[in-house]
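Here's a quick briefing on one structure. Have the model open while you read.

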Amino acid sequence: MFRPLPFFIGLRYTRAKRRNHFISFISLMSMIGLTLGVCVLIIVMSVMNGFDRELRTRILGMVPHASITAVSGGMPEWQEVLERAVEFDGVEAAAPFIDGQGMLANGTSVRGAMVYGIEPEYEKQVSIINDHMVQGSLDDLKPGEFGIVLGELSAQYLGVTLGDKVTMVLPEANVNLAGVFPRMRRFTVVGLFSVGADLDGSLSYINIQDAARFLRVPEGVEGIRLKMHDLFRAPAIAWDLAMTLPGRYFVQDWTRTQGRLFQAIQMEKTMVGLLLTLIVAVAAFNIVSTLIMVVTDKQSDIAILRTLGASPRTIMGIFMVQGSLIGIIGTVLGVVLGVIAALNVADIVATIERVLSIRFLSPDVYFISYLPSELKWQDVAVISVAGLLMSFLATLYPAWRASKTQPAEALRYD
């Protein structure tokens, strides 16, 4: 029952009531600090993973992974280019488009907008917008009727809903005998979408034929939008595809339009993870001070064990077991609490927002309007191993110091 001896005695020391309650308090604080550090690290890494996922699925689901446009004018051979693009290795789908910028106005309300001219059937294959329609449908964008699909934020700002009229003004002017007038057109709102991102306040869709007439695109199509199987290969695939096409084309991919946002999230994830790991390290190395005080408190016990024949290795093992148990308990509790919180952080934050009537993430400032979370078990495993490893390393010096205790010195004044 006493085998292995270091584990047995170390476990007894951990459970025993000490005469010095301050040591027990420091041990408890070390355990709680490690628990909180591991818990917070798991939550923050899950939230950063959630932001990364939302960027890929929502933002990059709405904007082109890549696009191929003619160097000048329209693209008369767009159907041939689209067919060759769909057959190209790495391309999942393709769709024609026209894009422009303008202002949407309703009464005294004016808002800037990016305008996409689309073919609804093709657009459904390359974009997630059809899955996020809250009113109306993309199919209501019929040629010649000048309908428009707005984001929910734009509609709220302009004060319009389904069936209302908005005026689109282009940054160009018509010159005639009566003078200089801005180019404008009345559109009917036929649909509203919401992806929970800042695109809800800046993006709008019209039929591609209406866009060609209004924006004066000579060949009816400005370019081809591509959706890739692997969005990280989008720059290389789009370039290779353009090189196989006859004529000259301009290639653009998501790394130019949204790449800085993605890089910022990756950098923040790395830096925040590093900083919180240091917090876990500080909590783990609190075990050093705890064990040093325990060793000082147990000098006479160590001397008796050495007198009875315990080797320095056994003494060292006893205190390594004691410190490791503090680390194991703290890490396990942190992992359990962190996993539970990471799986429910969105609901927790939503409840806090509802109770306190505040908004943590405004879509006018951030690219999404809620706190996302994606728990990755490999992150949990890395954090757990790191916490346990740092806790184990923190036990080495105090345990080594205990093993060097001389019985005669320790019992001299007892």
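Predicted model: local features only at pLDDT ≥ 70, side-chain atom pairs only at ≥ 80, totals over all residues.

**Helix pair α10 and α11**
- Helix α10 spans residues 299-307 and helix α11 runs over residues 312-356; their axes come within 10 Å and cross at roughly 140°.
- The crossing of α10 past α11 is right-handed.
- On the α10 side, the contact uses Ile-302, Leu-305 and Arg-306, while α11 brings in Pro-312, Ile-315, Ile-318 and Phe-319.
- Sorted by class, the residues of this α10–α11 contact come out as 6 nonpolar, no polar and 1 charged.

- An unreviewed UniProt entry puts "transmembrane region" at residues 21-48, 271-295, 316-343 and 380-400.
- In the model, residues 271-295 are 100% helix and 0% strand, with 37 Å between the end C-alpha atoms.
- Residues 316-343 likewise come out at 100% helix and 0% strand, and here the end C-alpha atoms sit 40 Å apart.

**Largest pocket**
- The largest pocket holds about 420 Å³ of space.
- It's lined by 21 residues, and the closest to the pocket's centre are Pro-64, Asp-99, Tyr-116, Gln-252 and Thr-257.
- Two or more lining residues come from each of β1 (66-70), β2 (91-106), β3 (109-118), β10 (249-253) and α8 (254-257).

Key. Residues numbered from 1 in each chain as written. Heavy atoms only, no water. Axes fitted to C-alpha atoms, helices over the stretch in contact; angles between N-to-C directions. Helix = DSSP H or I, 4+ residues; strand = E, 2+ residues; numbered from the N terminus. Left-handed = near helix turned anticlockwise from the far one by under 90°. Contact = heavy atoms within 4.5 Å. Nonpolar A, V, L, I, M, F, W, Y, C, P; charged D, E, K, R; others polar. UniProt positions renumbered as here; feature names shortened; annotations may be inferred. 1 Å grid on protein atoms, 1.4 Å probe; cavity = no way out; pocket = protein on both sides within 12 Å on 5 of 7 lines; lining within 4 Å. Points joined across faces, edges and corners; volume = space filled by probe spheres on them.
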